[in-house]
Amino acid sequence: MTEARPDTWRVPSAWVLLAAIALIACAEVGGASMAQFKLALTRWARGTMLARPATHGLVGVRDVDEQILDEALVKFDAGLRLFHLHAEGMGTIIIVATMVATTVVRAPGLRRAIVVLITVGGAGYPLGYLLWSALIPFAGIEGGKALAERLVWIPFGGAAIVAMWLLTAAVGREIVRR
Amino acid sequence: MRRPPLVIVFLAILLVALGETAGALMSVVRPQIESYARARVAANPVAHGLAGTAEYDLEITSRAVFTAEAGLSFFHVHAEGLGPIILLATTVVATFVPSRRVRGCLYALFTLGGLFPLGYLVYAVAVLEAGRDTGVELAERYVLTPLGSATIVGLLALAVVLAGRRRTTPTG
């Protein structure tokens, strides 16, 4: 096997790249679908919310209910947009961070840990926004947010943050070592 | 592809780490950030033009707090976005720019440009301490414009160098 030059980038594993590219593809499809199916999605969310008046605090007074529904629909749309944005961003970050880890981090255990944490955390985190959007019609804005936070944002986002700080420390140590 | 100097790799990764952490903090300690911002506005009544009228002052305070929070949000977005851009741009520099001196200049420009997102932290603090419009103007004039310009100049210079290289290198 030929040893790569020390000043050249090493490519992370194909699985990592596949996860990142799939995430970016999902983000792009998500963005396009948001525009294409905006009306259908809004109708579905509105219908689902109207079927659960107690969850959303609907009181049967049109002026009051419309305001509540509008706010929930804005958040529903925001969740989809945030999924689109975060999935595109995190896909890129997965590629960049794993490339740095694969090239710069010497200890195999630490390198593997960083690659796994940033790939799993980075790929999972944006899905939390999709989950939040899907939950809003059923569980309300805050109920959906609490579930998405507990199930996705905290574990997956936490993993990505830990990975980035481990990588920052590893690169910093490498600078000092040289 | 060649990798840029480790210091630039470190800066890019640090930016992303700070951006991610800021995003999480903005969500977790949002009430504390808001109450701190309101306290700072109240502590600088002259800078914010507070008049002592509850309704008017509340409106002014809310606008200043919203702008400061927007600064934090911009920091989160720009740090996560600019980190990979700096890394990719300097990788292109390391790989395709033959002159050591030109490479050094481009690295310096991109390193300076990499500090651009920190300007939004200055923006958030300046808004609270110096007033909304003055704070925004200070941050834009003295931090965001010079640092942002460094990235723009770096990218334009890199494009010129690549175009020149393409013209002098026979293809096929």
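Predicted model: local features only at pLDDT ≥ 70, side-chain atom pairs only at ≥ 80, totals over all residues.
Good morning. A residue is called buried here if 20 or more other C-beta atoms lie within 10 Å of its own, with the C-beta atoms placed from the backbone. By that criterion, buried residues make up 40% of the 178 residues in chain A.

Let me begin with the overall form of chain A. Chain A contains six helices and zero strands, so that the order of its elements from the N terminus is α-α-α-α-α-α. Along the principal axes, its C-alpha atoms fill a box of roughly 70 × 30 × 20 Å. The radius of gyration of chain A is 21 Å, whereas a compact globule of 178 residues would have one near 16 Å. As for the contacts in chain A between residues at least 6 apart in sequence, 78% of them join residues at least 24 apart.

I turn now to one helix, α1 of chain A, which covers residues 14-36. From its first C-alpha to its last, this helix of 23 residues reaches 32 Å, close to the 33 Å expected at 1.5 Å a residue. Which residues of α1(A) are buried? They are A:V16, A:A19, A:A20, A:L23 and A:A27. The buried residues of this helix pack against α4 (62-104) and α5 (108-124) of chain A.

Three of those names return when we consider A:I94. Setting aside neighbours within four places in sequence, A:I94 is in contact with A:V16, A:A19 and A:A20, and also with A:I118, A:T119, A:G122 and A:A123.

A:I94 also brings us to the largest nonpolar core, which has 88 residues. The members that touch the most other members are A:I94, A:A97, A:V100, A:M164, A:L167 and B:I13. Helix α6 of chain A, residues 127-177, gives the most to this core, with 16 residues. As general background, nonpolar side chains tend to be buried together in soluble globular proteins.

How many residues of chain B are in contact with chain A? There are 19 of them, and they meet 22 residues of chain A. On the side of chain B that touches chain A, α1 (6-28) and α4 (54-96) of chain B each supply at least two residues. The most comes from α1(B), which gives eleven residues.

Thank you for your attention.

Technical notes: Residues numbered from 1 in each chain as written. Chains lettered and ligands numbered in written order. Contact = placed C-beta atoms within 7 Å. Helix = DSSP H or I, 4+ residues; strand = E, 2+ residues; numbered from the N terminus. Core = buried A, V, L, I, M, F, W, Y, C linked by C-beta atoms within 7 Å. Buried ≥ 20, exposed ≤ 12 C-beta atoms within 10 Å, placed from the backbone. Expected span 1.5 Å × (residues − 1). Rg over C-alpha atoms; globule rule 2.2 N^0.38 Å.
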